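Good morning. I will take a few minutes to go through one structure. Please have a look at it first.

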Amino acid sequence: MAVRHQLIHRSPRATWAVFADPTLYGKWVVGPSESTPLDDTWPALGSRLRYTVRLGPWSVEGVTTVRHQEAGRELELEASFKSAGTARILLQLRPWGEETLVVCDEHPLRGPGGVLHNPVSEAALQLRHRGMLARLARVVEEQPAEVLRA
C-alpha cells in the first residue's frame, strides 16, 4: 500500500478548491495527458472523470469515480483502466497550523494490478506519488487567493 504525504503552504480550503476543480487534474495528477469531467457534479459521490494516458504512440482511456468524499477533508477515488483493473486512491487533507498536510494512500483494488502487485510496483507508486504531490503543492500554491476563497 503506497502511502505518501506532502505539506502544502496553503489552507485545507485552498487545497480542496483544487481537488474540486476537474479542469486542474491534468496539472497535478501524474499519468493522464488529458482529463474531462463526465458529470457536472464533480467531486460529488459517484461523479466521474475520463482521462487519457499516452505512452509513445499508444494511449489508453480510463475513468475515475468518486467513491467517498467529505468536503474539505477526504476524497476517495476509484481509478479504472479496462485491461489493468482498478485502484483505490484516498486523498486526506489535515490542517497543519495554517497549512495542509495531504496524505495519499493508493493500492490496487481489482484486476491484474491487484494480482501482480509487488515491491517493484509499490516502488513505482511511491515515485509517482512523490511527483504528483509535489505538482499538487505547486498548483495549489500558485492559485490566486481570490480563486481559492470561492
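Of the 150 residues in this protein chain, 39% count as buried. Keep in mind that this is a predicted model. As for its surface, the protein chain exposes about 8400 Å², and carbon and sulfur atoms supply 57% of that area.

Next, the elements. How many helices and strands does the protein chain have? There are 5 helices and 7 strands. Reading from the N terminus, the order is β-α-α-β-β-β-β-β-β-α-α-α.

Then the contacts. Take the contacts in the protein chain with a separation of 6 or more: residues 24 or more positions apart account for 47% of them.

Now to one pair of strands. Strand E3 covers residues 48–55 and strand E4 covers residues 58–70. The two run antiparallel, and 8 bridges join them. Which residue in E4 is the bridge partner of Leu55? That partner is Trp58. E3 and E4 form a hairpin, with 2 residues between the strands. Gly56 sits in the turn and has a positive phi of about 60°.

You will find Asp105 in strand E7, which spans residues 99–110. Is Asp105 buried or exposed? The relative accessible area of Asp105 is 13%, and the cut-off for buried is under 20%, so Asp105 counts as buried. The side chain of Asp105 also has a polar contact with the side chain of Arg88, at 3.4 Å.

That is my last slide.

Key:
Residues numbered from 1 in each chain as written. Predicted model: local features only at pLDDT ≥ 70, side-chain atom pairs only at ≥ 80, totals over all residues. Heavy atoms only, no water. Pairing = 2+ DSSP bridges. Helix = DSSP H or I, 4+ residues; strand = E, 2+ residues; numbered from the N terminus. Buried < 20%, exposed > 50% of the residue type's maximum accessible area, 1.4 Å probe, protein only. Contact = heavy atoms within 4.5 Å. Areas by Shrake-Rupley, 256 points an atom, 1.4 Å probe, with all protein chains shown as cover. Polar contact = N/O pair within 3.5 Å; in protein donor to acceptor, adjacent residues only side chain to side chain.
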